[in-house]
Amino acid sequence: MNLERLFCPNIDCPARGQIRKGNLTIHSQQEKRCHCKVCGQTFAITKGTLFYRLRTDPKIVMCVIILLANGCPLPAIVKAFGRDERTVKEWWRRAGTHCEAVHHHVVGQSQLDLQQVQADEIKAKVQGGHLWLAMAIMVRTRLWLGGAVSPRRDLALIQALADQIRAIALCRPLLLAVAGLPSYVKAFQRAFRSRLLRPGKQGRPQLIAWPDIAIVQVMKRRRPTGLAIERRIVQGCAHQVQRLHQLTQKVPGVINTAYIERLNATFRSHLAWLTRRARTLAQQPETLTAGLFVLGCFYNFCDTHHSLRLRLSVGRYGHRWVQRTPAIATGLTDHVWTVDELLRYKVPPPRWSPPKRRGRPSKETLQLVKRWC
C-alpha cells in the first residue's frame, strides 16, 4: 500500500482529505486497511471508490462497466458473466455516482477560458415514455462540460445545463452556439450574470450581465425542398462571433453545432439505451444519468482523440504523434487515465473547519487550526 496517495475519509477528522501529512499508518496489510493517528479510526483503502464493499473481483466489475459503456446490451452481459440483472444494474449505478463525483471535482470546480461552447439535447426512449438529455462541449479542447436529464424539454432542463457551464467559465469573451430551442437564450442570459456589491445598502443586489457574451442559434427546419438552416445572432456583434469562431475552430466556415452533434453521435453509439430504433430501453431515469457521467468521464479522461494529437519532432528520425485526451488538452491532467485509475479515483472531502462555539477557542483548537487548516 502506498500511503503517499491516501487520505483519511473520516468527515470528523481534522486531517481529512489531506495527503503526505504523516498521519496514516498500515493497520492490516492482509485486509488492506489504514489507521489515522489523528482521529484513531481505521478505514479500507477502497473507501470512496467503486469497489468499496464489493465481494466480486474488481476485474469482473471493470469489464462489465467497460462493456456497458461501449454499447453492449444488458441481457448479453447477464448471459455472458452469469450475474443477476439487478447486480449489474447496481454496479452501473455505483459507477455513475462515482463518475459524477469525479466529474464535479475535476471539471466542475475548474475555472476555464471556454471561448466557444456548443450545447444540444438528445431524446432517449425509456420504459413508458422518454427522457431528454442536454449536454455541452468546449469546442477548442473537445471537453465534455456536463449534462442534465429531465422528462421534459423545457427551461428547467436547459437552466440546469447553463448553471454547470457558468460554474466552470471565467469572465472572458465567450461564444455560445446552441440549437433552435428558445429556452437556451433565456437560460444563458440568466446564468451569465453577477451580483453588483453595494456596501452599506440593503435589499436585493443588482445583477449585471457579463460583457462579451455572444449567443448564436442554429435553427434547422425540414421543408419539401430539403433541410433549411438559419443562423441567428441573438446576443453580441458579428465581429465578436467571427473572431471567437476563428480562434476556436481550425477549419474556417460558418457558425454551426457540428461538435456537439458529433458528441451526441458518440453517446448514441456507446450507450445501448440511446440507439435510434433500438429495443433496449432504460427502465429508470437513474440508468441514463449514470450512463451520462460514466461515458462522459471515459470521453474526457480515458479516450484519446485524433483531432487533439500533437506532432512531436524527434530530429533526423522524423516525428511522432503524441495522443491526448480532452482533459490533457485543457490542462486538467498530465496523462491518459486508465479505466482502473478512473474508477479508483478518490474525491477528497472538504477541509476541516473548527466548530463554532461561543467564547475564545482553546489552545488545542488553535493548534489544530494551525496544522490542518
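Predicted model: local features only at pLDDT ≥ 70, side-chain atom pairs only at ≥ 80, totals over all residues.
The protein chain comprises 373 residues, of which 41% count as buried. Its secondary structure consists of eleven helices and 13 strands. Along the principal axes, the C-alpha atoms fill a box of roughly 75 × 70 × 60 Å. Among contacts with a separation of 6 or more, 59% are made by residues 24 or more positions apart. Charged side chains number 60 positive and 22 negative, and the centres of the two sets lie 4 Å apart.

Aromatic side chains were examined next. Seven aromatic pairs were counted in the model. Trp144 is buried, at a relative accessible area of 0%. Phe267 is also buried, with a relative accessibility of 0%.

A further pair joins Tyr184 and Phe188, whose ring centres are likewise separated by 6.2 Å; the planes meet at 15°, so the pair is classed as stacked. Both residues belong to helix H5 (residues 183-191), and because they are four residues apart in this helix, about one helical turn separates them. Tyr184 and Phe188 are both buried. The two residues are also part of a cluster, in which ring pairs link Tyr184, Phe188, Phe192 and Trp210.

The surroundings of H5 were then considered. The buried residues in this helix are Ser183, Tyr184, Val185, Ala187, Phe188 and Ala191. The elements against which the buried residues of H5 pack include one helix, H4 (155-168). The strands packed against them are S4 (116-126), S7 (174-178), S8 (193-196), S10 (213-223) and S11 (226-235). The stacked pair of Tyr184 and Phe188 thus belongs to the set of buried residues of H5.

The charged end of Arg262 sits over the ring of Tyr259, at 5.2 Å from the ring centre. For Arg309, the ring is that of Trp321, and the distance to the ring centre is 3.8 Å.

Backbone geometry was inspected at two loop positions. Most residues other than glycine have a negative phi. Gln115, which is not a glycine, has a positive phi of about 65°. Gln115 is located in the loop between H3 and S4, and its relative accessibility of 13% places it among the buried residues. A positive phi, near 60°, is also found at Arg142, again a residue other than glycine. Arg142 lies in the loop between strand S5 (129-138) and S6. With a relative accessible area of 14%, Arg142 is buried.

Gly96 is in helix H3 (residues 85-106) and counts as buried, at 3% relative accessibility. With residues up to four places away in sequence left out, Gly96 touches Ala290, Phe293 and Val294. The C-alpha atoms of Gly96 and Phe81 are 20 Å apart in space, for a separation of 15 residues in sequence.

Thr330 is in helix H9 (residues 326-330). Its relative accessible area is 15%, and Thr330 is therefore buried, since the cut-off for a buried residue is under 20%. Leu112, Thr141 and Leu143 are touched by Thr330, residues up to four places away in sequence not being counted. Thr330 and Asn300 are 30 residues apart along the chain, and their C-alpha atoms are separated by 9.8 Å.

How values were computed: Residues numbered from 1 in each chain as written. Heavy atoms only, no water. Buried < 20%, exposed > 50% of the residue type's maximum accessible area, 1.4 Å probe, protein only. Contact = heavy atoms within 4.5 Å. Lys, Arg positive; Asp, Glu negative; His and termini not counted. Charge placed at Lys NZ, Arg CZ, Asp CG, Glu CD. Phe/Tyr/Trp six-rings, centres within 6.5 Å; stacked < 30°, edge-to-face > 60°. Lys NZ or Arg CZ within 6 Å of the ring centre and 35° of its normal.
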